[in-house]
Amino acid sequence: MAAELHNVVGGTRVAGRRTFEKIDPVDGSLVAHVHEAGPDVVDAAVAAARAALDGPWGRASVAERTALLRRIADRIEERFEDFVAAEVRDTGKPEHLARDLDVARAAMNFRSFADTVAAAGLDSFLTDLPHGRKALNYAVPKPLGVVAVIVPWNLPLLLLTWKVAPALACGNAVVVKPSEETPSTATLLAEVIADAGAPTGVYNVVHGFGPDSAGEYLTAHRGIDGVTFTGESRTGSAIMRAVAPSVRPVSFELGGKNAAVVFADCDLGKTLDGLARSVFLNTGQVCLCTERVYVERSAFDAVANGLAERAKALRLGRPGAPETTTGPLISHQHRKKVQSYLDLAVAEGATVLTGGAVPELGPDLAGGSWIEPTLWTGLDNSARVVREEVFGPVAALIPFDSEEEAVRLANDTDYGLAAAVWTTNLERGHRVAQQMRVGMAWVNTWYLRDLRSPFGGVGLSGIGREGGLHSMHFYTQPTNVCVQL
Ligand code: NAD
């Protein structure tokens with residue numbers, strides 16, 4: 001039976017101005033009726049968050065906050081299978097992926113930011129003054145305040161907790177707006193956070209869409225103190241405009257058109273495994289996924305054929321089937337966009353190495369938004385499909401002849417989120433990775449994360465960095481105290 005998902009305001013379930021349907025991308029069945037928040041519900045959520053800050057939560061010690069974060073992590077683990085089921089119904093991703101990546105990382109996010117905030121010190125300077133006198137400067141971190149958290153549908157719980165955990169660790173209260181495509185785990189998290197003993201109003205959820213809906217009402221609201229957003233670059237621009245009148249800080253993790261650079265001296269088997277993961281994980285719906293693969297010419301055929309073999313070996317199917325490697329795209333609407341790029345690639349002169357169409361998976365899955373993993377050759381950096389983010393299981397393979405050319409081609413993009421370099425030459429690995437104009441560069445791996453390291457992008461891929469102390473910097477505002485000694 002379809003669930004009914006309410007907004008959560010000050011610990012209470014609140015109906016919206018209307019409901020919308022959340023559809024299962026696996027087979028088109030109905031997952032939930034979701035209450036869309038109108039401006040009144042968003043007002044109430046912002047007010048509830050403010051009231052929490054004005055109450056005991058605003059005076060909670062670091063020890064109290066970190067203890068809460070650890071209890072939240074424990075409760076996520078106690079309800080692990082509920083989170084897996086909710087995430088899988090919303091996204092259609094394979095169960096093993098939801099288990100190993102999304103839900104596991106959610107608990108880890110809370111523990112990691114509890115550790116970071118517990119260990120963080122204060123910035124202080126002893127200032128020399130004329131005549132041997134001194135002054136002591138120290139910066140006291142204060143919460144930013146009411147933080148609007150806007151997240152996408154691709155890794156819903158992982159990306160939500162990546163923002164909520166540091167925000168709460170720093171003493172903020174949040175109003176979260178999950179994607180309209182993935183409302184379930186954000187709602188479940190409200191129960192878990194309340195069970196863990198968070199004061200009322202610390203975590204509020206408003207459901208709905210972007211423009212003329214909860215997303216826009218929240219980001220344009222004068223009662224918020226900052227916005228942390230993950231999603232498309234275009235949406236980032238809209239949010240910048242929304243916060244401009246009140247000059248609020250933003251932290252943006254946006255789109256990517258990420259390159260892999262494969263040298264002929266790579267370990268071919270490991271590189272193909274890593275490349276296949278980086279192109280096809282989560283049906284290519286990870287902001288870090290590789291959509292451009294530059295290959296040294298002498299290895300081009302071996303890499304192209306090897307990657308195509310791995311693409312053909314992927315198994316599309318129901319999330320619970322043990323052999324399933326790959327789920328559907330998130331929605332029919334998104335599939336339409338991806339299909340338009342499949343058509344465009346052919347029109348731009350691509351050779352389709354594998355895939356390129358909607359697969360036949362039988363009547364059971366015919367209502368789902370399935371797409372074939374797809375690889376192209378024969379394109380160059382001038383093609384629109386090589387320049388624009390597709391956000392599906394697709395990549396273009398392009399040959400290069402020198403290290404300089406590879407660096408130039410990889411950096412020839414308006415985006416700048418992530419890159420991966422595949423080589424057994426250690427010096428070259430460091431050298432090329434450091435020249436990538438991105439926030440994160442990997443050598444002989446991909447999407448290997450230390451949660452304390454900076455995460456973010458340059459250019460169209462974002463503003464600011466989150467992770468460890470970088471998150472602390474966004475979610476706090478220091479007050480400098482200067483004492484003449
Ligand atoms: P999206 O920008 O369409 O939506 C993201 C969120 O913003 C949703 O909750 C949506 O309802 C809301 N929104 C949309 N318009 C809005 C507006 N005008 N005002 C306020 N809120 C608004 O993105 P998506 O399609 O959900 O996610 C895919 C995109 O996210 C891709 O571009 C992907 O690269 C990016 N992404 C980036 C990262 C990263 O860390 N850099 C991680 C994951 C996804």
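Predicted model: local features only at pLDDT ≥ 70, side-chain atom pairs only at ≥ 80, totals over all residues.
1. Annotated span. An unreviewed UniProt entry carries the annotation "domain: Aldehyde dehydrogenase" for residues 18–480. In the model this span is 40% helix and 20% strand, and its end C-alpha atoms are 47 Å apart.

2. His 131. This residue is not a glycine, yet its phi is positive, at about 65°. His 131 sits in the loop that joins strand 6 (124–128) to strand 7 (134–143). With a relative accessible area of 77%, His 131 is exposed.

3. Val 247. Here too a residue other than glycine has a positive phi, near 50°. The loop in question runs between helix 8 (233–243) and strand 12 (250–253). Val 247 has a relative accessible area of 68% and therefore counts as exposed, the cut-off being over 50%.

4. Geometry of helix 2 and helix 4. The axes of helix 2 (residues 62–78) and helix 4 (residues 95–119) come within 9 Å and cross at roughly 165°. The two helices are therefore roughly antiparallel, since angles over 145 degrees are classed that way. Their crossing is left-handed.

5. Contact between helix 2 and helix 4. On the helix 2 side the contact residues include Val 62, Leu 69, Arg 70, Ile 72 and Ile 76. Among their counterparts in helix 4 are Val 103, Phe 110, Arg 111, Phe 113 and Val 117. By class, the residues of this contact divide into 13 nonpolar, one polar and five charged.

Notes. Residues numbered from 1 in each chain as written. Heavy atoms only, no water. UniProt positions renumbered as here; feature names shortened; annotations may be inferred. Helix = DSSP H or I, 4+ residues; strand = E, 2+ residues; numbered from the N terminus. Buried < 20%, exposed > 50% of the residue type's maximum accessible area, 1.4 Å probe, protein only. Axes fitted to C-alpha atoms, helices over the stretch in contact; angles between N-to-C directions. Parallel < 35°, antiparallel > 145°, perpendicular 65-115°, else oblique. Left-handed = near helix turned anticlockwise from the far one by under 90°. Contact = heavy atoms within 4.5 Å. Nonpolar A, V, L, I, M, F, W, Y, C, P; charged D, E, K, R; others polar.
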